[in-house]
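Morning, everyone. I have one model to go through today, and I will keep to what can be computed from its coordinates.

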Amino acid sequence: MIRLEQVSKVYKTSTRPALENVSVQVDKGEFVFLIGASGSGKSTFLRLLLREEVPSKGRVYVANFDLTRMARRRVPRLRQSIGCVFQDFRLLANKTVAENVAFALEVIGKPRHTIRKVVPEVLELVGLEGKAGRMPHELSGGEQQRVAIARAFVNRPLMLLADEPTGNLDPDTSQDIMLLLERINRTGTTVLMATHDHSIVDSMRRRVVELDLGRVVRDDARGVYGVGR
Ligand SMILES: Nc1ncnc2c1ncn2[C@@H]1O[C@H](COP(=O)(O)OP(=O)(O)OP(=O)(O)O)[C@@H](O)[C@H]1O
């Protein structure tokens with residue numbers, strides 16, 4: 001599903017590589033935590049998968065796409081197969097919950113009857129039935145993140161990338177969001193989540209890939225955040 005082969009990334013304005021000789025493979029249906037200190041390269045890793053950045057060296061494959069050789073016009077197709085969730089939710093403030101989710105389908109040209117059918121289904125999946133008409137500011141942080149997850153998942157992407165999705169949430173709400181991401185993972189969707197949240201990583205015992213100064217220093221099948229940290 002995801003393959004990085006000896007990938008290095010050096011930003012133009014930076015002296016040290018953001019990623020250095022990184023090789024990681026993630027299979028379909030896996031749930032993987034990407035951890036590491038601030039500046040270790042987690043966001044760069046995710047941006048390479050979305051082709052928001054290109055590697056300085058090495059190759060990146062996502063689904064059946066070879067991102068290294070991909071023509072610019074094919075990038076939208078790649079991004080349709082990847083759902084994204086962020087720490088700051090990134091909802092459209094002037095649209096309702098249902099409109100936020102529907103918008104993700106409108107921009108890729110889905111027919112109206114499909115949108116009418118699948119939006120309530122996905123809102124039910126994330127536990128927001130009954131809140132379809134609310135505005136984002138009328139929701140709690142956890143509910144806003146559920147909307148963001150619904151929007152990321154409504155097109156049934158092959159993969160969900162989550163960058164610190166619990167970073168703005170209290171521990172109980174974070175656990176609820178993790179249960180939701182687990183449920184989405186059980187549908188066969190590959191989930192890759194960058195996080196600093198020790199307790200979540202420790203309680204889930206999933207695969208952990210750790211970056212340190214741009215290098216992979218650990219790849220454990222059922223890892224914890226780290227001993228003594
Ligand atoms: N657009 C950019 N231009 C120049 N340098 C960058 C750019 N983006 C990231 N970097 C540098 O690359 C390194 C890795 O950054 P990255 O954002 O990938 O780390 P991170 O692990 O996601 O950090 P955080 O947890 O703080 O989000 C850092 O040294 C950062 O300063």
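I will take the overall fold, then the ligand, the core, the sheet and a few single residues.

First, the conventions. Residues are numbered from 1 along each chain as its sequence is written. This is a predicted model, so local features need pLDDT of at least 70 and side-chain atom pairs count only at pLDDT 80 or more, while totals for chains, interfaces and linings use all residues.

Overall, the chain has seven helices and ten strands. Both are DSSP runs numbered from the N terminus: helices are H or I with at least four residues, strands are E with at least two. Along the principal axes, the C-alpha atoms fill a box of roughly 50 × 45 × 30 Å.

Of the 229 residues, 38% count as buried. Buried means 20 or more other C-beta atoms within 10 Å of the residue's own, exposed means 12 or fewer, and partly exposed is in between, with C-beta atoms placed from the backbone. Among contacts between residues at least 6 apart in sequence, 67% join residues at least 24 apart. A contact is two C-beta atoms, placed from the backbone, within 7 Å.

Now the ligand. Which residues surround the ligand? They include Tyr 11, Thr 13, Ser 14 and Ala 18, and also Gly 39, Ser 40, Gly 41, Lys 42, Ser 43 and Thr 44. The criterion is a C-beta atom, placed from the backbone, within 6 Å of the molecule. The shell divides into two nonpolar, nine polar and one charged.

Next, the core. The largest nonpolar core has 60 residues, and Leu 34, Val 101, Leu 123, Ala 150 and Leu 160 have the most contacts inside it. Helix α5, residues 141-153, gives the most to this core, with six residues. A nonpolar core here is a set of buried Ala, Val, Leu, Ile, Met, Phe, Trp, Tyr and Cys residues joined through C-beta atoms within 7 Å. Leaving aside neighbours within four places in sequence, Leu 123 is in contact with residues including Val 97, Ala 98, Val 101 and Ala 150. In helix α3, residues 97-106, the buried residues include Val 97, Ala 98 and Val 101. Their cover includes α4 (112-125) and α5.

On to the sheet. Four strands form an open sheet in the order β2-β1-β4-β5, with antiparallel pairing. Its edge strands are β2 and β5, each pairing on one side only. Strands pair if DSSP finds at least two bridges between them, and β4 and β5 have two. Tyr 61 stands opposite Asp 66 in β5.

Last, the single residues. Asn 21, in strand β2, has a positive phi of about 50° although it is not a glycine. Asn 21 counts as partly exposed because it has 15 C-beta neighbours inside 10 Å. Ala 63, in the loop between β4 and β5, also has a positive phi of about 50°. Asp 170 lies in the loop between β7 (159-163) and α6 (171-186). Why is Asp 170 exposed? Because it has 11 other C-beta atoms within 10 Å.

Methods. Nonpolar A, V, L, I, M, F, W, Y, C, P; charged D, E, K, R; others polar.
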